[in-house]
Amino acid sequence: MGVMARLDSVVRVDPEVLGGTPVFCGTRVPVKNLLDYLAAGDTLDQFLDDCPTVKREQAVAALELAREFLTAGAHSPR
């Protein structure tokens with residue numbers, strides 16, 4: 001399954017939900033909130049405790065997709 005197909009199963013963008021802000025599927029929690037938590041030094045568990053509608057699998061999948069997207073063109077060190 002490609003990155004975009006998996007993205008559709010984790011993230012939803014709908015103009016009727018928070019004005020089209022990307023949110024975790026089935027929630028109104030912006031994906032950006034997860035990144036903000038981690039950037040602030042909080043743990044994944046802290047994010048999940050504060051956002052109980054987001055499943056751990058969704059958060060982990062979003063992070064894996066971000067990693068794949070950001071490293072897609074990277075070459076392995078020789």
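The protein exposes about 5500 Å², of which carbon and sulfur atoms supply 57%; accessible areas were computed by the Shrake-Rupley method with a 1.4 Å probe, and for residues only the protein chains shown count as cover. The structure is a predicted model, in which local features need pLDDT of at least 70 and side-chain atom pairs count only at pLDDT 80 or more, while totals for chains, interfaces and linings use all residues. Residues are numbered from 1 along each chain as its sequence is written, and side-chain values use heavy atoms, with hydrogens and water left out.

Of the 78 residues of the protein, 28% count as buried. A residue is termed buried under 20% relative accessible area, exposed over 50%, and partly exposed in between (1.4 Å probe, protein chains only). The protein contains four helices and two strands, and from the N terminus on these elements run α-β-β-α-α-α. Helices (H or I, at least four residues) and strands (E, at least two) are DSSP runs, numbered from the N terminus. Among the contacts in the protein with a separation of 6 or more, 31% are accounted for by residues 24 or more positions apart, a contact being heavy atoms within 4.5 Å.

Aromatic pairing was examined next. A search of the whole structure finds two aromatic pairs. Rings of Phe, Tyr and Trp (its six-membered ring) pair if their centres lie within 6.5 Å; planes under 30 degrees apart count as stacked, over 60 as edge-to-face and the rest as tilted. The pair of F24 and F47 is tilted, because the ring centres are 6.1 Å apart and the planes stand at 50°. This pair links distant parts of the chain, with F24 in strand β2 (residues 23-24) and F47 in helix α3 (residues 44-50), 23 residues apart. F24 and F47 are both buried. In the other pair, the rings of Y37 and F47 have their centres 5.3 Å apart and their planes at 80°, so this pair is edge-to-face. Y37 belongs to helix α2 (residues 31-39) and F47 to helix α3, so the pair ties together parts that are ten residues apart in sequence. Both Y37 and F47 are buried. Together, F24, Y37 and F47 form one aromatic cluster.

Helix α2 was then considered as a whole. Its buried residues are V31, L34 and Y37. Seen down the axis of α2, these buried residues fall within an arc of 120°, so they line one face of the helix; the arc is that of the directions from the helix axis to the C-beta atoms. The buried residues of α2 pack against β1 (11-12), β2, α3 and α4 (56-71). On the face of α2 turned away from its buried side are the exposed residues K32 and A39. Just after α2, G41 takes a positive phi of about 95°.

The structure holds three salt bridges, each defined as a side-chain nitrogen of Lys or Arg within 4 Å of a carboxyl oxygen of Asp or Glu. One of them lies within helix α2, where D36 and K32 are four residues apart, about one turn of the helix. The closest N and O atoms of D36 and K32 are 2.7 Å apart. D36 is partly exposed, with a relative accessible area of 36%, whereas K32 is exposed, with a relative accessible area of 52%.

Another salt bridge joins D45 and R56, the closest N and O atoms being 2.1 Å apart. D45 lies in helix α3 and R56 in helix α4, so the pair ties together parts that are eleven residues apart in sequence. D45 counts as partly exposed at 42% relative accessibility, and R56 counts as partly exposed at 40%.

The remaining salt bridge is formed by D14 with R12, and the closest N and O atoms of this pair are 2.4 Å apart. R12 counts as partly exposed, at 38% relative accessibility. D14, by contrast, is buried, with a relative accessible area of 15%. D14 is found in the loop between β1 and β2. When residues up to four places away in sequence are not counted, D14 touches G19 and G20.
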